[in-house]
Amino acid sequence: MLRNCPCVLFLTLLAILTPSLGQTTPTEPKHEHFQNADVLYGWAKDARGDRLRIFVTRPKNAAARLPTIFFVGWLSCDSVEYADADTHDGFGILLRRLIEESGYATIRMDKPGVGESQGDCSKTDFQQELSGYQSAFEEMLKYDFVDPARIIVIGLSNGGGVSPLVARQHPVRGYIAASSWGRTWYEHMLEMERGRLIEEGKRPAEVNTSVKAFVEFYTLYLVKGMSPGQIVAQHPDWKGLWYDSPDGQYGRPAAFYQQLQALNLGEVWQRVNEPVLVIRGAADNIMSRSDSEAIAQIVNQVHPGHTRYLQFEGMTHGFTINDKFNEELLPAILTWMKEQLQGGQSQ
């Protein structure tokens, strides 16, 4: 708009003569810093060829071969990099404190289009995202300080339910599924919708009427492969029922959830031979007790006693109690990991 305006010449001269007024210094992206660990930056690639930023941390003055934590992230398009050491986000606090206090190496990955990663998270389906995590796992094994015989996989929220799919043929020492799910996505969403309607203060009759409609809605959406917009166009009377995008939900495309529904997590978890720690907060209004308990029940049915189920009273989905990080969570995780990692060091 200003390209042919005479004022452009004046502004250009002003910028030359007074750089402090006419120029701005590009803002460098903020990166993490840790007192006890160094951060290394690498790349993974997903099935579409997008380069995905990975963050690898190594304790300072550490031994050559280290136990390593591989993180499988949550559903939303938020970065796993927490440059703010004083973050109040429970997931970020857990990540940072495990890096600082565990004495282990760690690795995380930013989804497509998040942070420095290429691509578009809002258009990335689950299978593409999974391929990125699988690539990041392979990249982790290239670091000479990572002990491939002592790897713990920690899945957070949605990542906890699908975490065994990441390691594929590689053995690990254990899985931690925190604030997660182990049923079908259809069951999870119906229970979540009922809870949401109750929290909104809907009367019981309205809740039941809406849930009945959601049964049909999610059948068309998750099982029949229709988008929410297509469903509403076909059923105009459900227009007031849907509260999200016509193309997807929670910032992800419809295909993401349709692929989650296609998973058989019963089959996924019954193949897990390693010890499992399932963590849930009793105040979690996103992943229900049934969602989390399903993982423990599946694994223990095939391998009795392999899973420990740990529920914290008052803890939310994001690991907080009364808006403060649950201080009992970290020692519980560190103690369990130490038990699983005893012995078995690679040479």
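**Exercise 1. Determine the handedness with which H7 passes H8, and characterise the packing of this helix pair in the predicted model.**

*Solution.* 

Step 1. The crossing of H7 past H8 is right-handed.

Step 2. Helix H7 spans residues 185-199 and helix H8 spans residues 204-223; their axes come within 10 Å and cross at roughly 150 degrees.

Step 3. Angles over 145 degrees count as roughly antiparallel. H7 and H8 are therefore roughly antiparallel to each other.

Step 4. On the H7 side, the contact is formed by Trp185, Tyr186, Met189, Leu190, Glu193, Arg194, Arg196, Leu197 and Ile198. On the H8 side, the partners are Val207, Asn208, Ser210, Val211, Phe214, Val215, Tyr218, Thr219 and Leu222.

**Exercise 2. Identify which residues have the most contacts inside the largest nonpolar core, and examine the surroundings of Tyr218.**

*Solution.* 

Step 1. The largest nonpolar core contains 65 residues, and those with the most contacts inside it are Phe70, Phe217, Tyr218 and Trp269.

Step 2. H8 supplies the largest share of this core, namely 9 residues.

Step 3. With residues up to four places away in sequence left out, Tyr218 touches Tyr186, Met189, Leu190, Glu193, Val223, Trp242, Tyr243 and Gln249. Of these neighbours, Tyr186, Met189, Leu190 and Glu193 are among the H7 residues that meet H8.

**Exercise 3. Decide whether Gln134 is buried or exposed, and locate its contacts.**

*Solution.* 

Step 1. Gln134 belongs to helix H4, which covers residues 126-140.

Step 2. The relative accessibility of Gln134 is 13%, and the cut-off for a buried residue is under 20%. Gln134 therefore counts as buried.

Step 3. Leaving aside residues up to four places away in sequence, Gln134 touches Leu165, Val166 and Arg168.

**Exercise 4. Describe the chain as a whole: what are its secondary-structure content, its dimensions, its buried share and the sequence range of its contacts?**

*Solution.* 

Step 1. The chain holds 13 helices and 12 strands.

Step 2. Along the principal axes, its C-alpha atoms fill a box of roughly 75 × 65 × 40 Å.

Step 3. Of the 347 residues in the chain, 50% are buried.

Step 4. Among contacts in the chain with a separation of 6 or more, 70% join residues 24 or more positions apart.

How values were computed: Residues are numbered from 1 along each chain as its sequence is written. This is a predicted model: local features need pLDDT of at least 70, side-chain atom pairs count only at pLDDT 80 or more; totals for chains, interfaces and linings use all residues. Side-chain values use heavy atoms; hydrogens and water are left out. Axes are lines fitted to C-alpha atoms, for helices over the stretch in contact, and angles run from 0 to 180 degrees between N-to-C directions. Helices (H or I, at least four residues) and strands (E, at least two) are DSSP runs, numbered from the N terminus. Angles under 35 degrees count as roughly parallel, over 145 as roughly antiparallel, 65 to 115 as roughly perpendicular and the rest as oblique. A crossing is left-handed if the near helix is turned anticlockwise from the far one by less than a right angle, and right-handed if clockwise. Contact means heavy atoms within 4.5 Å. A nonpolar core is a set of buried Ala, Val, Leu, Ile, Met, Phe, Trp, Tyr and Cys residues joined through side-chain atoms within 4.5 Å. Buried means under 20% relative accessible area, exposed over 50%, partly exposed in between (1.4 Å probe, protein chains only).
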